[in-house]
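Here's a quick tour for anyone opening this one up for the first time. Take a look at the picture, then read on.

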Amino acid sequence: MKVLGMISGTSHDGIDTAVVDFHVHEKRLLGEIVSVGSTPYSDSLRSSLVAALPPGQIDFAEVCRLDTLVGQAFASAAASVQSGLPDPLDLICSHGQTMFHWVDGQRALGTLQIGQSAWIAETTGVPVLSDVRIRDITAGGQGAPIVSGMDLMLMGSLPGHPAALNLGGISNMTVRDGSNGPYAYDLGPANALIDAAMLSLHGLGYDADGRRGASGRVHIGLLNALLAEPYYRLPLPKTTGKELFNGAYLEAFLADFPELDSDDLIATLTALTAEVVAADVAQAGIDTLLVSGGGYANPTLMKMIAQRLPQVRVTSSQELGAPPAAKEAIAFALIGWQTAHGLAGAVSGCTGASGARILGAMTPGIGPLQLPSPLAVGPESLTLSGVR
């Protein structure tokens with residue numbers, strides 16, 4: 001089954017795509033990565049999303065407009081991917097764009113991803129799975145990290161005590177060998193505060209190649225103030241997002257440091273991410289850390305993490321066959337395949353749900369919806385091959 005996975009993450013800069021051709025072999029799932037790519041949002045759409053995301057305030061007219069525009073952007077990206085394939089797609093799984101993740105204390109109450117899937121189905125003629133997080137939340141889960149299922153399938157045979165770390169707008173980690181089994185959670189900001197500062201100071205969405213962070217010096221006073229954030233000490237499971245870690249959050253801290261140099265600010269925010277990651281990795285007793293997400297492309301951030309974890313082998317998810325920039329898109333292709341075969345896509349021990357659930361809502365393509373026969377038992381492991 002050939003599945004296109006699509007996601008725009010918490011950095012809301014564009015749409016990541018991955019086409020994976022899945023085959024079951026005995027108890028293993030084999031995934032051939034046919035293509036990966038990224039389609040940036042238009043400047044106007046990204047500006048509208050930035051204005052709408054917390055702490056922004058918008059009305060339902062703008063929600064409707066953005067739901068349509070993001071859906072059309074995903075549809076256009078899907079059509080472009082589809083046109084470059086020799087064989088037709090069987091399914092598309094679209095995560096869409098998260099606008100709000102409603103968390104009260106330690107309980108997730110709701111989540112909103114926009115990007116109307118009917119635009120994708122109408123444009124491509126292919127059935128579309130969407131709205132994948134909410135079913136886990138209705139079962140008492142956090143709805144995240146939803147990629148932990150794929151992380152565990154990939155890490156199954158690794159020696160030692162590995163963990164998978166994704167550095168998107170928010171950082172999340174999947175630990176294979178906890179005292180009560182595997183677990184996963186959101187650590188805190190990865191790129192979210194760096195991106196917010198870069199946008200405010202330089203009109204850019206990220207610190208390209210980590211140059212600003214490398215040029216500045218870490219301000220210990222600000223770093224310690226940021227590390228006092230109560231979220232870091234909450235028990236697991238827990239999730240967070242730009243509902244907390246946004247530009248307004250950062251501005252509240254900067255009021256006490258009015259003379260801070262701009263590059264020093266970026267260096268300090270980069271160090272914040274590294275400190276939070278290193279503390280949690282060390283506490284978990286991890287010996288191999290497999291990193292993915294946009295943060296992996298920031299050499300300053302990766303250097304800071306490695307310096308704080310001298311006993312840990314820090315490498316990329318490519319070691320498991322998943323290109324760092326495309327891992328989440330691959331994970332949503334997997335969730336699409338799982339749902340199509342009647343298999344749970346979330347790991348309850350990782351999200352905190354009362355049980356594993358089949359994820360998502362299906363929008364038919366151009367013809368009748370036809371799904372494969374359900375599998376009684378899902379494959380235990382995943383082996384990825386193809387694009388490197």
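## A cluster of rings

Start with the aromatics: ring pairs tie Tyr231, Tyr232, Phe245, Tyr249 and Phe253 together into a cluster. Keep in mind that this is a predicted model.

Within that group, the ring centres of Phe245 and Tyr249 sit 5.2 Å apart with their planes at 75 degrees, and planes over 60 degrees apart count as edge-to-face, so that's what this pair is. Phe245 is buried, at a relative accessible area of 0%. Tyr249 comes in at 11% relative accessibility, so it counts as buried, the cut-off being under 20%.

## Where α8 meets α9

Tyr249 turns up again in a helix pairing. Helix α8 (residues 220–227) packs with α9 at about 130 degrees, the axes being 10 Å apart. That angle makes α8 oblique to α9.

Who makes the contact? On the α8 side it's Leu222, Ala225 and Leu226, and on the α9 side Tyr249, Phe253 and Leu254. By class, that's six nonpolar residues, with no polar and no charged ones. The crossing of α8 past α9 is right-handed.

## Around α6

Helix α6 (residues 192–202) has Ala192, Leu193, Ile194, Asp195, Ala197 and Met198 as its buried residues. Their cover includes β8, β9, α7, α9 and α10. Just past α6, Gly203 adopts a positive phi of about 70 degrees.

The structure has seven aromatic pairs. One of them joins Phe22 and Trp337, tilted at 45 degrees between the planes and 6.0 Å centre to centre. Phe22 lies in strand β2 and Trp337 in helix α12, 315 residues apart in the chain. Both Phe22 and Trp337 are buried.

How values were computed: Residues numbered from 1 in each chain as written. Predicted model: local features only at pLDDT ≥ 70, side-chain atom pairs only at ≥ 80, totals over all residues. Heavy atoms only, no water. Buried < 20%, exposed > 50% of the residue type's maximum accessible area, 1.4 Å probe, protein only. Helix = DSSP H or I, 4+ residues; strand = E, 2+ residues; numbered from the N terminus. Contact = heavy atoms within 4.5 Å. Axes fitted to C-alpha atoms, helices over the stretch in contact; angles between N-to-C directions. Parallel < 35°, antiparallel > 145°, perpendicular 65-115°, else oblique. Left-handed = near helix turned anticlockwise from the far one by under 90°. Nonpolar A, V, L, I, M, F, W, Y, C, P; charged D, E, K, R; others polar. Phe/Tyr/Trp six-rings, centres within 6.5 Å; stacked < 30°, edge-to-face > 60°.
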